[in-house]
Amino acid sequence: MKRPLIIDRSHDERFMREALALAALGAERGEVPVGAVLVVGGEIVGRGFNCPISTHDPSAHAEMVAIRDAARHLENYRLPGSTLYVTLEPCSMCAGLIVHSRIGRVVYGATEPKAGVVESRGRFFEQAFLNHRVLLEGGLLAAECGAILSEFFRLRRQKA
């Protein structure tokens with residue numbers, strides 16, 4: 001059953017703050033602090049933070065974890081009408097997953113100059129061969145999303 005994508009920007013900041021809280025949880029565990037939540041109908045149905053180190057899983061990016069959580073919760077591998085909030089611009093792996101899971105909208109915070117494929121290193125979602133289109137909005141709480149990453153790497157460099 002296809003859910004309509006309802007865009008209600010009045011809750012965007014609240015959901016991004018939820019993603020930031022998850023990023024902080026990841027940082028506490030020694031993971032690169034990126035967090036994500038997946039929302040359907042104003043309700044969080046999936047949560048995740050980066051955990052490839054602790055899970056020994058290179059695919060355990062915040063988006064991947066949140067999308068898997070939502071798919072289990074909704075008992076569906078397709079997530080139409082959903083919005084993914086993520087603190088960092090998605091990479092190519094996560095972009096492919098976003099398209100395959102039919103997410104309707106992605107809202108991200110900071111750009112990722114090394115591997116981001118929404119605007120930084122390429123424009124994956126604009127490729128003609130894709131069979132699903134995603135609405136993209138970047139820059140929400142970008143300073144806060146970037147600051148948690150900068151602080152994490154600053155502390156890591158100090159320890160080294």
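User: Why is His61 called partly exposed?

Analyst: In this predicted model, His61 has a relative accessibility of 21%. Buried requires under 20% and exposed requires over 50%, so His61, at 21%, counts as partly exposed. His61 lies in the loop between α2 (52-55) and α3 (62-74).

User: Why is Cys91 called buried?

Analyst: The relative accessible area of Cys91 is 15%. The label buried applies under 20%, and Cys91 is therefore buried. Cys91 sits in the loop between β3 (82-88) and α4 (92-100). Leaving aside residues up to four places away in sequence, Cys91 touches His61, Glu63, Ala115 and Val117.

User: What makes His61, Cys91 and Cys94 gather at one spot?

Analyst: The "binding site" annotation in the unreviewed UniProt entry covers these three residues, His61, Cys91 and Cys94. They span 34 residues in sequence, yet no two of their C-alpha atoms are more than 9.3 Å apart, so they gather at one spot. From this set, His61 and Cys91 belong to the lining of the largest pocket. Contacts of His61, not counting residues up to four places away in sequence, are Asn50, Cys91, Met93 and Cys94.

User: How do you know that Gly109 is buried?

Analyst: Gly109 has a relative accessible area of 2%. Since the cut-off for buried is under 20%, Gly109 is buried. Gly109 belongs to strand β4 (residues 105-110), and the residues that Gly109 touches, not counting those up to four places away in sequence, include Met16, Val86, Gly138 and Cys145.

Definitions and conventions: Residues numbered from 1 in each chain as written. Predicted model: local features only at pLDDT ≥ 70, side-chain atom pairs only at ≥ 80, totals over all residues. Heavy atoms only, no water. UniProt positions renumbered as here; feature names shortened; annotations may be inferred. 1 Å grid on protein atoms, 1.4 Å probe; cavity = no way out; pocket = protein on both sides within 12 Å on 5 of 7 lines; lining within 4 Å. Helix = DSSP H or I, 4+ residues; strand = E, 2+ residues; numbered from the N terminus. Buried < 20%, exposed > 50% of the residue type's maximum accessible area, 1.4 Å probe, protein only. Contact = heavy atoms within 4.5 Å.
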